[in-house]
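Here's a quick briefing to read with the model open beside you.

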Amino acid sequence: MHELTLPLAQDDGGGIIGLLILVIQLAILVVVIAGLWKTFEKAGKPGWGAIIPIYNIILLLQIAGRPIWWIVLFFIPLVNLILAIIVSIDVAKNFGKGVGYGIGLAFLGFIFYPMLGFGDAKYQGVAAVAA
């Protein structure tokens, strides 16, 4: 009689790589939340608002000097992308930064929000956009 045996699965390190990727993603998430938290505090808003969905967008709208009703537009696909760019540029301007920095906030927020929050930029208020 011949026994049928299956080869044992070999561990190729995929579990380790997956864990490493997860740790890196969590580290980036913590840095982004901390940067957004500090940005909110610099603008006189509650830092904890960075971790509350929808409320964090409302706070960004206030910092940017845009009407709160724009929150509704953030639920419309494609429109939300355009609004995110506009709001990011306004946030950058209100911190004394240029349009390029605002584009960075919109597309590379995981880099630019920590730079804004922990950097030396001061919140100049909404009036800075109109000037």
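Is W69 buried or exposed? W69 counts as exposed, at 54% relative accessibility; buried means under 20% relative accessible area, exposed over 50%, and partly exposed in between (1.4 Å probe, protein chains only).

A word on ground rules: this is a predicted model, where local features need pLDDT of at least 70 and side-chain atom pairs count only at pLDDT 80 or more, while totals for chains, interfaces and linings use all residues. Residues are numbered from 1 along each chain as its sequence is written, and side-chain values use heavy atoms, with hydrogens and water left out.

**The nonpolar core**

- The largest nonpolar core has 23 residues, and F40, L60, V87, V91, F95, L105 and L116 touch the most other members. Such a core is a set of buried Ala, Val, Leu, Ile, Met, Phe, Trp, Tyr and Cys residues joined through side-chain atoms within 4.5 Å.
- At least two residues of this core come from each of α1 (14-42), α2 (55-64), α3 (70-73), α4 (79-94), α5 (99-107) and α6 (109-118). Helices here are DSSP runs (H or I, at least four residues), numbered from the N terminus.
- The top contributor to this core is α2, which gives the most, with 5 residues.
- Leaving aside residues up to four places away in sequence, V87 touches L60, L61, A64, R66, W70 and F74. Contact means heavy atoms within 4.5 Å.
- Over in α6, the buried residues are G109, F112, Y113, P114, L116 and G117. Their cover includes α1, α2, α4 and α5.

**Aromatic pairs**

- The count comes to 4 aromatic pairs. To pair, rings of Phe, Tyr and Trp (its six-membered ring) need centres within 6.5 Å; planes under 30 degrees apart count as stacked, over 60 as edge-to-face and the rest as tilted.
- One of them is W48 with Y55: their ring centres are 5.5 Å apart and their planes sit at 20°, so this pair is stacked. W48 is partly exposed at 46%, and Y55 is partly exposed too, at 27%.
- W69 and W70 have ring centres 6.5 Å apart and planes at 80°, so they go down as edge-to-face. While W69 is exposed, W70 is buried, with a relative accessible area of 12%.

**Charges**

- You'll find 1 salt bridge in the structure, meaning a side-chain nitrogen of Lys or Arg within 4 Å of a carboxyl oxygen of Asp or Glu.
- R66 and D90 make that bridge through their side chains (2.4 Å, N to O). R66 is in the loop between α2 and α3 and D90 is in helix α4, so the pair ties together parts that are 24 residues apart in sequence.
- R66 is partly exposed at 29% relative accessibility, whereas D90 is buried at 5%.
- K97 has its charged end over the ring of Y101, 5.2 Å from the centre. That label calls for NZ of Lys or CZ of Arg within 6 Å of the ring centre and within 35 degrees of the ring normal.

**A look at N80**

- N80 lies in helix α4 and is partly exposed, with a relative accessible area of 25%.
- Not counting residues up to four places away in sequence, N80 touches L73 and F74.
- The side chain of N80 also reaches the backbone nitrogen of L78 at 3.3 Å.
- W70 is 10 residues from N80 along the chain, and their C-alpha atoms are separated by 9.4 Å.

Technical notes
A polar contact is a pair of N or O atoms within 3.5 Å; within protein, one must be able to donate a hydrogen and the other to accept it, and residues adjacent in sequence count only if both atoms are side-chain atoms.
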